[in-house]
Amino acid sequence: MRTLIALFVVVLLWTAGLFAFADRVIDSTPAVEPAEPADAIVVLTGASDLRLKAGMRLLERRKGARMFISGVNPEVKRPELMAVTEGSKRLYECCVDLGYQAENTVGNAHEIADWARGHDFYTLIVVTSDYHMPRSLLELKADMPGATLIPYPVATPDLDARGWWKSRKGQRIIVLEYCKYMAILGRDAILSVSRRFGDKGGAPEPKAGTEDAMAASSAS
């Protein structure tokens, strides 16, 4: 009976968290354009080209000095990507950098962090899909703990966020992303506890008869 009760509580908490996560996704769009410009704009590529177009619009409105597109397919050439952004050719050629190394969200975070540090950028507008934004921010914060991250989520065209439970595709997207998000939270919690216990180790006690031990005795 205790096991069943514990299992019920876990399922209840997981379900409550799922709906809270879904509400966060629903309320995130339409995104509010930042009032003040950031150092740069970073875009995480994905299934929707709307991310690229949104990032380019922000760049055209001078919301960042440069834009970095992370996770570009190595087979996509620079001129081809420019056509997708539907932006200014002059601005694209002068102020847009491409990253070809990232293959997933963890890779995006590493790639963006390396690029941002290389340009001394520490205030970033982050552009990605609405459901993908919470996990992206966690990964970026892990790689850039001192940076200021301004989310600019883009609505997913084939996802009815408000009625996600009504379709199998909506359920799959939200539930899978929520599970990934919880996994990252768990990973960060474990790392935080490990670092905390590691820091409490302190310096080892000096051995009797050594100079350190005699110095400690004199000091006392």
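Angles under 35 degrees count as roughly parallel, over 145 as roughly antiparallel, 65 to 115 as roughly perpendicular, and the rest as oblique. Those angles run from 0 to 180 degrees between N-to-C directions, and the axes are lines fitted to C-alpha atoms, for helices over the stretch in contact. The model described here is predicted: local features need pLDDT of at least 70, side-chain atom pairs count only at pLDDT 80 or more, and totals for chains, interfaces and linings use all residues. Numbering starts from 1 along each chain as its sequence is written, and side-chain values use heavy atoms, with hydrogens and water left out.

**Sheet**

Five strands form an open sheet in the order E3-E2-E1-E4-E5, with parallel pairing. Strands (E, at least two residues) and helices (H or I, at least four) are DSSP runs numbered from the N terminus, and two strands pair if DSSP finds at least two bridges between them. Strand E3 (96-98) and strand E5 (148-154) stand at the edges; each has a single partner strand, so one side of each is left without a neighbour in the sheet. From one strand to the next the twist averages 20°.

Strand E4 (residues 123-129) runs parallel to E5 and is joined to it by 7 bridges. Within this pairing, Val126 has Pro151 of E5 as its bridge partner, and Thr128 is partnered by Pro153 in E5. The chain passes from E4 through H6 to E5 in a right-handed β-α-β crossover, a hand assigned when, with the strands pointing away from the viewer, the path from the first strand over the helix to the second runs clockwise.

**Helix packing**

Helix H5 (residues 105-119) packs on the sheet and touches strand E1 (40-44), strand E2 (66-70), E3 and E4. Contact here means heavy atoms within 4.5 Å. The direction of H5 makes about 155° with that of E2.

| Helix pair | Axis separation | Angle |
|---|---|---|
| H5 and H6 (residues 133-143) | within 9 Å | roughly 45° |
| H2 (residues 50-60) and H3 (residues 78-85) | 8 Å | about 80° |

H5 and H6 are therefore oblique to each other. From H5 the contact draws on Thr105, Val106, Ala109, His110, Ile112, Ala113 and Arg117, and from H6 on Arg135, Ser136, Glu139, Leu140 and Asp143. These residues divide into 5 nonpolar, 3 polar and 4 charged. Ala, Val, Leu, Ile, Met, Phe, Trp, Tyr, Cys and Pro count as nonpolar, Asp, Glu, Lys and Arg as charged, and the others, Gly among them, as polar.

H2 and H3 are therefore roughly perpendicular to each other. Leu52, Lys53 and Met56 of H2 meet Leu81, Val84 and Thr85 of H3. The residues of this contact comprise 4 nonpolar, 1 polar and 1 charged.

**Backbone in the loops**

The loop between helix H1 (2-27) and E1 contains Pro30, and the peptide bond from Thr29 to Pro30 is cis, with omega near 0°. Asp120 lies in the loop between H5 and E4; its phi is near 60°, a positive value in a residue other than glycine.
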